[in-house]
Amino acid sequence: MSSYSQSTVIKHYGVNQGLPSSETYFVTQDSKGYLWIATDAGVVKYDGYQFKTYTTADGLPDNTVFKIHEDKYGRVWFSSYSGRFAYYSHNTDSVYSIKANEKLTSIVKTLPIDFVFDSKDTLYVSVDRKGYIKIYPPNYEIVKSYQYITNCFYLKQIEKNIFLYGKNYLHELPTSPTIPLVFDNLNDLSLRHIDSSTQIKSYGGATSLANLNNKIIVSTGINLFEIKNNQFHRFKRTNSKFDTISSVITVNIDYQNRLWLNTLGKGVYLNSLNGEKTDLSFLSGMSVTSTFQDNAKGLWFSTLEDGLFYIPTLEFKFYNKENGVSADKIFALTKQNNTLICLASDYQFNDIDLNNFSITHRKNIDNSSFWNIKSFENIYVVCGSPAYIVESSKKTTIPIYFKNKESKQFLRMKDVENFDTENLLGCEYGSLFLINKKTGLATCLVDNLPTIFSICKVGNDIYLGTKTGVYKYTKKKLMFLGDSLPLLKSRIDDILYVNNQLFIATKGNGVLLYDGSNAIARYTEREGLASNMAKFLTTDSDSNVWVGTNRGISRLKKIDRNHYKVNTINLSEGLISSEINQLLVHDSLLFFATNKGLGQLNIKQAFNEGVVIPTYIEDLSINSVKYNYDTLLFLNHHQNFVQISYKGINVKSEGRILYKYRLEGLDSSWTYTKNTFVQFTTLPPGNYKFIVYALNAEGQTSSSPAQINFKINSPFWQTWWFYVILLSFVFLLTYLIYKKRVQFIKKQEQEKTEINKRISESELKALRAQMNPHFMFNAINSIQNFVLKNDSKSAQKYLTKFARLIRSVLENSKHELVWLNKEVEALELYVELEALRASFSFDYEFILEDNLSAENLFIPPMIIQPYIENAILHGIIPLSERRGMLSVKFSKEGTVLTCIIDDNGIGRKKAKEIRERKQLSHQSMGMSVTQDRIDILNQQNHNLLTKVVVIDKEIDNGSLGTTVEITINIKNSQND
């Protein structure tokens, strides 16, 4: 039996991992979660994914940086070897030197040791053997120097107090006097205002201060003191490994009030502050310059020789070939009584006493191979080639076999399960056997199945996990559950019955929660499972289910009957290996078998629940051009190729972070990914909000998301104002086309009207031309008649009147409308000539009513004359039995002029008979021409409508003449 110590997982980050130098001086973490490392080749920022180095090329005044502190504004400050300062801004990802650097170069001739800020943002800088300086905000340009005792060169801020201390002195700034550190005796130091002792020098002076529960811890390099009642009380060393001659460079107290002693060349030691003994020490042979505990309780150590070291947690331990177990690869685990039995790859049993964790190695029988082990009361079964039963009390082995034609054939079992007090269930390839616990004799229950990997008995039901899915064996009946539930068709590596439910570990579909008929829930990587390749299941006393996968360990913590919360542990959390072979719970400890050793963790402290991962946007590119994303962006429609880089800051994750994001305005559901960037191509116009969360190992999201708001404007041809303009334009265009069309039609109508008017005028002129020759022909005939009768006097008189009439007719023919009095005058001349030609055989009269202003009224010329002519020639002239009488009367009512032509002639009937007899030799054209003129005039001008009504005055088959009534809409002037 050998006693071995457990080891802790320590990760190393050196030059090969991205650090610019192996010489590191200081490590800290800012409020955003970034880790900062001071080196002699620049300052380094670590985000869990990669190390980014800032040098003089990026704005540092000096590449050798000793100390790093963050101010209350989130700026990260650096002090350099040259005494100059710079700070980093997250907003611009840039380093800026302060204005006082030129002055500091001349003031700081020795090494700047440390710096702090007071409540007014004043920068205090301690200088080796030179006291300290103050640099004043806001521009950090004004510098004041304060000279103190040469051995004071350290600064420390504890709450609101700033302490300056050194090899002999502790001084509180800015008002307290210098206080020397003086020994009263070998154990205690007191604060005195005199420097009367040199004993302090033998202890190295005050080299470091730390704050513990409002108490000041002072390191003198070798010894530790606590200030109590203005006295320095020596701390007792609680770490047995700590060497009294070890030189303590610095001391640090972590968030859990653990004191870390960083030594020169001797590593780092944990010194218990509560008096408990401890033997924890790490990095033997290294010079540790600082220890820092991050926000996830991980410990970081900066060294002078080999970069940075990291312990994710002190709660995880491991055993490998170097510290106890016979081989690194552990196949399987079981517990018998108070002993943990591990099967190693060298085919040895490793028995670990769970009381003192001593380890005993023993070989397997015949050095045969094995791959699984399970305990049942006072026996345990080794599944291998061959498989056998071990009775714990007797230490005897019983091989498991079945009879094949009277010969024994040993089983090569994969899994085993308890059946009852006398029998076991075991599987070999595709066969299920019932095995007698005392004899090892196996009886085949089922064969010719796909390879069986796991067996789970629930009451009378036996569930078999095979390479093609789950089978259920009940009362000698076999049922394939994959037929009713396709998820049960994949390879099944383990089945666990707990909380009256089946948990089924699949190879590719995660873990299924099955109630015997339906899959109630499914847990995959999306829900936080370490991997969808689930290999092994076990449970603890709280009915939580632990899942071993190829990428870590997950816990399904019971919320209610059908709901479990997923927590995950992986390499970044402190596992020695992420490939888990088997799990075993013992009290509050979880043991896990891996290919790199046996791991152990405390299940009560396994998860940092509540520690969420902050998420930040790192870059926004639109059409490959970087943009500022702090405010709402307004983009053109063609700026629709958007790439967003984001990052969750978790320095222990090593980049293994799951994110969920959504682009509101495009997506309604969340997308899960491990990528740290996303691209959106050809986004349509709209309002968008990109939201991204980082999920920690417990599935908790960031307390607040990282987000970007932007708006892609519609192209101008899709905007409302464009539609308004377009509609207005279309309307205007339609209106213009309509108006143009109307104008065109009007123009056509006008042209047509003009043409028609010209045609009408031509027709009127032609009609007038037809009428005038007709009248002149009759008049000339009358003159000729006078001449033939040798009546020269009458001929002369007639000719004179005829000349006047001709002149009047020609004058009136020039106009469409003529004065009424002019027309009456011409009519009187015409009637007088006709009377003269008829030897005054009829009487005539022209009557104009008194209210008629003939000189102000217009009528069409030569409209009335044909009717008068017709009355004379065809009504009165043929009259023989009485003297003819012609009456022409004009009256006006409103705008209507009425002309009544009344004769006492022979009437139209008798005149028609006469015309019919004379048709061959004469045809009168005056009436037809006049009627055509009236029709044309009525078409041209609706305001001058002319109507003609003829009334026959007949009695007793005789005729008293004819009355013609002509009505004309008159105008008062020619412009009306």
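Which residues of H5 are buried? Taking buried to mean under 20% relative accessible area, with over 50% being exposed and partly exposed in between (1.4 Å probe, protein chains only), the buried residues of H5 are Gln865, Pro866, Tyr867, Ile868, Glu869, Ala871, Ile872, His874, Gly875 and Ile876. Because 10 of the 12 residues of this helix (residues 865-876) are buried, H5 is largely enclosed by the rest of the structure.

This is a predicted model, in which local features need pLDDT of at least 70 and side-chain atom pairs count only at pLDDT 80 or more, while totals for chains, interfaces and linings use all residues. Residues are numbered from 1 along each chain as its sequence is written, and side-chain values use heavy atoms, with hydrogens and water left out.

A nonpolar core here is a set of buried Ala, Val, Leu, Ile, Met, Phe, Trp, Tyr and Cys residues joined through side-chain atoms within 4.5 Å. The largest such core has 45 residues, and those with the most contacts inside it are Leu820, Ile864, Ile868, Leu886, Phe890 and Ile901. Helix H4 (residues 820-837) gives the most to this core, with 10 residues. Apart from it lies another core, of 24 residues, including Ile657 and Phe680.

Contact means heavy atoms within 4.5 Å, and, leaving aside neighbours within four places in sequence, Ile901 is in contact with residues including Tyr867, Ile868, Ala871 and Val964.

Over the protein there are seven helices and 76 strands, taken as DSSP runs numbered from the N terminus (helices H or I, at least four residues; strands E, at least two). Of its 976 residues, 51% count as buried.
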